[in-house]
There are 2 protein chains.
Amino acid sequence: MRMSSSISSYLPSDTYNSLPKDGDVTYLHTMVRSADLEKTMHFFQAVGLRETRRKESENGRFTLVFMASAPGAPEVEITYNWDPETFAPPSRSMGHLAYAVDDIYAKAEALQEAGIEILRPPRDGKMMFVKSPDGISVEILQKGTPLEPKEPWASMQNVGTW
Amino acid sequence: MRMSSSISSYLPSDTYNSLPKDGDVTYLHTMVRSADLEKTMHFFQAVGLRETRRKESENGRFTLVFMASAPGAPEVEITYNWDPETFAPPSRSMGHLAYAVDDIYAKAEALQEAGIEILRPPRDGKMMFVKSPDGISVEILQKGTPLEPKEPWASMQNVGTW
């Protein structure tokens, strides 16, 4: 298989956020594969991430895009192979990625405006689920205490699975 | 499907590490499912994570174990359903989890001592891959510049896929 991560000669120090509390192990990223880079990036942009770095390999015929809320924050690594590939949605061994946000209703509106369906609406003011175009489930949680229940979310029904 | 994340009434502030640079979106965790909680925890312990919190649900018949290098660091959420289940290994849409470590050779030894096979040995002093008992691929990278190539790693062959 193609080992896309080997193209960096070293890991730049600004790509991880080593805090004393991390001990000797620092979480860097979760890598997911994309069948359509533009669509996948559009999804994670709507979640609230932006591109922090990118690698392209002519030889390997792939693009890696790293996205995070800001440089130094934990990343999603999106691997896009230039030769079209289709793959099955995640099996049950892969659950989801989770993010906490300042205002879950504002985020739900932003996601809808970006054309992303809310599969599990934040009826309780604390949790919603959406899914990437490649089937990766993303949980979004309200930071701190839940917000007051509010329409249209409070009476919105679930859609599909997540 | 069981929505295991809904059992917390709110998200305790010590379960996320909101830094100013994170903006309004803070990465929390990647959730993976486990067919054998003890085996999966043993694996992530060898990677360098420890249990930071745990939820058990008698009604839902599941256990959630959160593991991180330290409290407040990004977590892996391990979902274990008490009723035995088997599931396919991850499809290609799920790539891997990645961590940076202070000393990749020390980590490789610790993994071997824990009985975990190094699938892609750190021949280059900068990268190795292992796989969880549930098939989740984990990339481990040397922080900063690669270490000098060193035996037995330098001449160790790849095993399987990752």
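This is a predicted model: local features need pLDDT of at least 70, side-chain atom pairs count only at pLDDT 80 or more; totals for chains, interfaces and linings use all residues.
1. Residues are numbered from 1 along each chain as its sequence is written, and chains are lettered from A and ligands numbered from 1 in the order in which they are written.

2. Begin with the two copies. Two copies of a chain are related by a rotation about an axis and a shift along it.

3. How many residues of chain A are in contact with chain B? There are 60, and they touch 60 residues of chain B; contact means that C-beta atoms, placed from the backbone, lie within 7 Å. On the chain A side, the elements giving two or more residues are β1 (25-34), β4 (75-81), β5 (94-101) and β7 (137-142). The largest share, nine residues, comes from β1(A). Helices (H or I, at least four residues) and strands (E, at least two) are DSSP runs, numbered from the N terminus.

4. Which surface does each copy use? 100% of the interface residues of chain A are also interface residues in chain B, so the copies meet through the same surface.

5. Now follow the sheet across the chains. Strands of a sheet pair through backbone hydrogen bonds, either parallel or antiparallel; two strands count as paired if DSSP finds at least two bridges between them. β1(A) pairs with β5(B) in the antiparallel sense over seven bridges, and A:Y27 has B:Y99 as its bridge partner. Seven strands form an open sheet of mixed pairing, in the order β2(A)-β3(A)-β4(A)-β1(A)-β5(B)-β7(B)-β6(B). Its edge strands, each pairing on one side only, are β2 (50-57) of chain A and β6 (127-131) of chain B.

6. Next, look at β4(B), residues 75-81. Six of its seven residues are buried, where buried means 20 or more other C-beta atoms within 10 Å of a residue's own, exposed means 12 or fewer, and partly exposed lies in between, with C-beta atoms placed from the backbone. β4(B) runs parallel to β1(B), joined by six bridges, one place to look being B:T30 with its partner B:V76. With β3(B), β4(B) pairs in the antiparallel sense over six bridges, and B:F62 stands opposite B:N81. The hairpin of β3(B) and β4(B) has six residues between the strands, and there B:G72 takes a positive phi near 95°.

7. Finally, find B:A114 in the loop between α2 (104-113) and β6 of chain B. Is B:A114 buried or partly exposed? B:A114 is partly exposed, with 13 other C-beta atoms within 10 Å. Leaving aside neighbours within four places in sequence, B:A114 is in contact with B:H42 and B:A46. B:A114 and B:F43 are 71 residues apart in sequence, yet 7.9 Å apart in space, C-alpha to C-alpha.

How values were computed:
Two residues are in contact if their C-beta atoms, placed from the backbone, lie within 7 Å.
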